[in-house]
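Subject: Handover of a structure and its findings

Dear colleague,

Please find the sequence and the structure below. A summary of what was found follows them.

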Amino acid sequence: MATPTAPPPIARGSPAQADDFPGDGHGDPHAGSAHGHAPGFVRRYVFSTDHKVIAVQFLIAGLLFLMLGGLLAMAIRWQLAWPGSLVPLLGKIADDRYLTLITMHGTVMIFFAITPIVIGAFGNFVIPLAIGARDMAFPVLNMLSFWLLIPAGALLLAAMGAQGELVAGWTAYPPLSDVVGSPEAGQTCWALALIVGGVSSMMGAINYVTTVIKLRAPGMTMGRLPLTVWGVFYTSILNIYFVPVVAAALLMLVADRVGGAHFYTPYGAGDPLLYQHLFWIFGHPEVYILILPVWGVVSDLLAVFARKPAFGARYTVISMGVICALSAVVWGHHMFTSGMNATLAKTFVVLTMLVSIPSAVFFLNWLGTLWRGSLRFEPPMLHALGVVFVFALGGLTGLFNASDALDSFIHDTYFVVGHFHLTMAASVLLGGFAGILYWFPKMFGRMMNRTLSVVHFWLTFIPLNVVFCTQLLQGAQGHMRRIADPVHSYAFLKPFHGLHIMITWAAFVLGAAQILFFVNFFASIFLGRRAPKNPWRANTLEWTVPSPPPHGNFGPRLPTVHRGPFEYSAPGAADDFLPQDAPPAATATG
Amino acid sequence: MPLGLTVAGALGCLTICPAPGWAASGGPPVIFPEAVATFAPDQDRLFVNVIYLTGIAFAAVTLALLYFIVRYGTFGNRPRPAAYFHGETRRAKFFTLGLALVVFVGIDLNIDRWSVEVGEVLRDYPDPASDPSVVHVQVLGKQFEWLFRYAGDDGQFGTEDDVRTVGKLVIPRGRRVLADIRAVDVIHSFFIPTFRVKQDAVPGRTTRMWFEATRTSKELRDEHRARTVGVHAVDVSALGLVVDAECRGAGGEPLLARGDEIDSLEVIDALRAAGHEEVVAHRDYVLEIACAELCGFAHFKMRAVLQVEEPEEFERWLRDKSEEARDLYDPEDPQNFFRYWGEEYRAVPVYKRIIEQTGETPWS
């Protein structure tokens, strides 16, 4: 991007931002398409600084990693149901190879599938369009954020192929992840992959926060932001605070591994628990980092498809903020069994329990939005409703884990696995699908096939619940997680082995159902029905521009925002929706 | 309406929750493992209570969700117009705050209170110095074994009459046991599912755990045998059964002798292939100690057996073992891992190399 002669005035609501768009010699990056000197293919689709292209790049990268993480999950399930048998493509899975599979499954899903989809893709695509900006505040940084994800992913794949198995799980507790437990190169690659991925997340986060604060269109107050934008905004704040913590923790791990530093071994003043503290100071906010955008998407979509204002949107925003604050002070509940001081443990119990209060407000508001609405069961809505159900299950099972006493039974069992999959996997996956289905017409200018989407929803929703609720049951039976072979180890696990086989079949259905989604997604990009400008009859600004939006998003002038995003079925309005930028005269009553 | 929903939710929860049945049958045998420690029933009660509370909340959310979907959904019919309100009125604010209060008082404070009650019990460590009835045992986790050490006749650890076992913890019924838990190489977690407790074993520090068993291994084994002996279908649920009659293959070759365990899915397949739809068998019962924290490639088989004996039996066993240990004591025996006890890190290759190179032993 050429340097403007003067810094562009980008203050909120600044009309100057709109005025300098048509490209009057300022070298505006968006002027290209308007003036005919189109950038080459590489600049336009590969190293593009356009937030919409970057969003699609994040989305496709995320979906490919989702496919990898899903295939790993299938291999894990096969091994658990029929341990020692030949797994397709992988053959017989050795005990340490199994641990590599679970480590990779967790790492890929969290950092390379969910993060790029709900933060990278949704954040990038939705924020500028929904707040009425032409692009991100820092387009080049945005591009770098995506292109750092690629070396990070490559390092991660290298970790799987490098010498030594990744035996330490996605949490990588030392000394197991340290020179003591895994001296080979793979674990170092793994840590470096996460550090590079973390830098990518930081770049995105700084960009999102700056964009939301500085680039809102005239009239777009913070109170008029859609809740999806709020979700990504809060997520980015958490990323800015806590990614550095895990990056530091992992750098210390690398220092231990390659420099003989002994931060995390009991040698000298080192302490294995130091890592756990640092990891979970990041790790607990991380679950909110992943779910906040989904909460936002669900809150918005329920309103759109109930044709009703989001109930208590202001309280949803406040609750999100409260959860962000609480997320910083509850990490100890991951460490109740580590020998924690009793007073500290009791404190963490209470703080963790408090999370249930803002969570309850979410449910009240979601149900309140549906109450007396006019619900349209379009595919995005089905997924959003699915999130309400699975997140109820996932959130409430968190209360079991919040008790330090119960934790001494269920910690490190399948109960925990079921709980965090219901929140992080089921909720985020369904919320991710909801968002993809919702914004797909805007991204690609085409509609996804409705029938396939509905079939895909039910074939996802039902097996998800079978898989993860059964894992809760296994956990209540004391079944430890990360057990490579439940048949040939503990006697007390044997009578319940049928549950493993059942879960595996449900997981296979779940996995196979995703083929429908991928076919639908990629085929619809080229073959889908042409999408109108506003297929869902939604109010937010992205639906006021063509599908797909042109380079620079809005026409010569930025829209002026006159109201909040939730004016559905407003009395006196001509239609059952009222776009945020429609001038007040559009309403019959003014 | 919210009141009606809450009541409906509570009732719905009561009908689907099997907890009253568990209480009547003297414990929930299928949902939880056997409860063998004094505090295990407390843990189960806590678990069930939390199921009740969260079940009410879950039922309220789900029923409201279902009701709204059915009531306000447009199923192909002409859509009804939606109402218009933002839910940000004074009334909505009070309702939101009220809900927050109900969640805080009704759910959070209750769970916290019960949790603290049980937590106090779990952390009520006995003191072996002042109470001679307390059995003091040292637990050491290493890849991939649990090692145990008792003080022996002289009541002192680190002497030649210490009783040491590998993969087997013997404790008396009805006496409190205090375990000091340590780890050699990586983090392990000492987990006894039937006691409902676990405690991490962290290299470089000593953690503690106490428990008191309420039933002996023999009682449990007899009980399970009596409960399960009979004809069982040969399917995946037969895993772990011990057959009471010889099973032969289709060609007459022996598949399982009497007393053999159906110990893999392949055996089940072989039995079914040979036409055995049913077997006469019973379930053997062993109390097990597990490692709950991922500790490496063989984590899944870092198993130990827990043997609960009558107190007299335990005393006799301890005395015999202690004498035996004194007789066989050989501090230099290279096969004996216990020579490292107290400075276990010497067994870890990384540390061993550092010690050889620098001559330093920076552990206390």
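Two residues are in contact when they have heavy atoms within 4.5 Å. By that rule, 100 residues of chain B are in contact with 109 residues of chain A.

The model is a predicted one, in which local features need pLDDT of at least 70 and side-chain atom pairs count only at pLDDT 80 or more, while totals for chains, interfaces and linings use all residues. Residues are numbered from 1 along each chain as its sequence is written, chains are lettered from A and ligands numbered from 1 in the order in which they are written, and side-chain values use heavy atoms, with hydrogens and water left out.

The interface

Chain B and chain A bury about 8,700 Å² between them, with 69% of it on carbon and sulfur atoms; buried area is the accessible area (1.4 Å probe) that two parts lose on being put together, summed over both. On the side of chain B, the residues that lose the most area to chain A are B:Phe85, B:Leu294 and B:Phe300, together 9% of what that side buries.

Across this interface the rule finds 5 salt bridges, a salt bridge being a side-chain nitrogen of Lys or Arg within 4 Å of a carboxyl oxygen of Asp or Glu. B:Glu261 forms a salt bridge with A:Lys494, and their closest N and O atoms are 2.9 Å apart. Another salt bridge, at 3.6 Å from N to O, links the side chains of B:Glu88 and A:Arg314. B:Glu88 lies in the loop between α3 (40-72) and α4 (90-122) of chain B and A:Arg314 in helix α10 (residues 313-327) of chain A, so this pair joins two chains. Helices (H or I, at least four residues) and strands (E, at least two) are DSSP runs, numbered from the N terminus. B:Glu88 is partly exposed at 29% relative accessible area, whereas A:Arg314 is exposed at 53%; buried means under 20%, exposed over 50%, and partly exposed in between (1.4 Å probe, protein chains only).

Salt bridges elsewhere

Over all chains, the search finds 31 salt bridges. Within chain B, B:Arg149 and B:Asp162 form one with the closest N and O atoms 3.5 Å apart. B:Arg149 lies in strand β2 (residues 145-150) and B:Asp162 in the loop between β2 and β3 (163-166), so the pair ties together parts that are 13 residues apart in sequence. Both B:Arg149 and B:Asp162 are buried. In chain A, salt bridges link A:Arg307, A:Arg537, A:Asp575 and A:Asp576 in a network.

Yours sincerely
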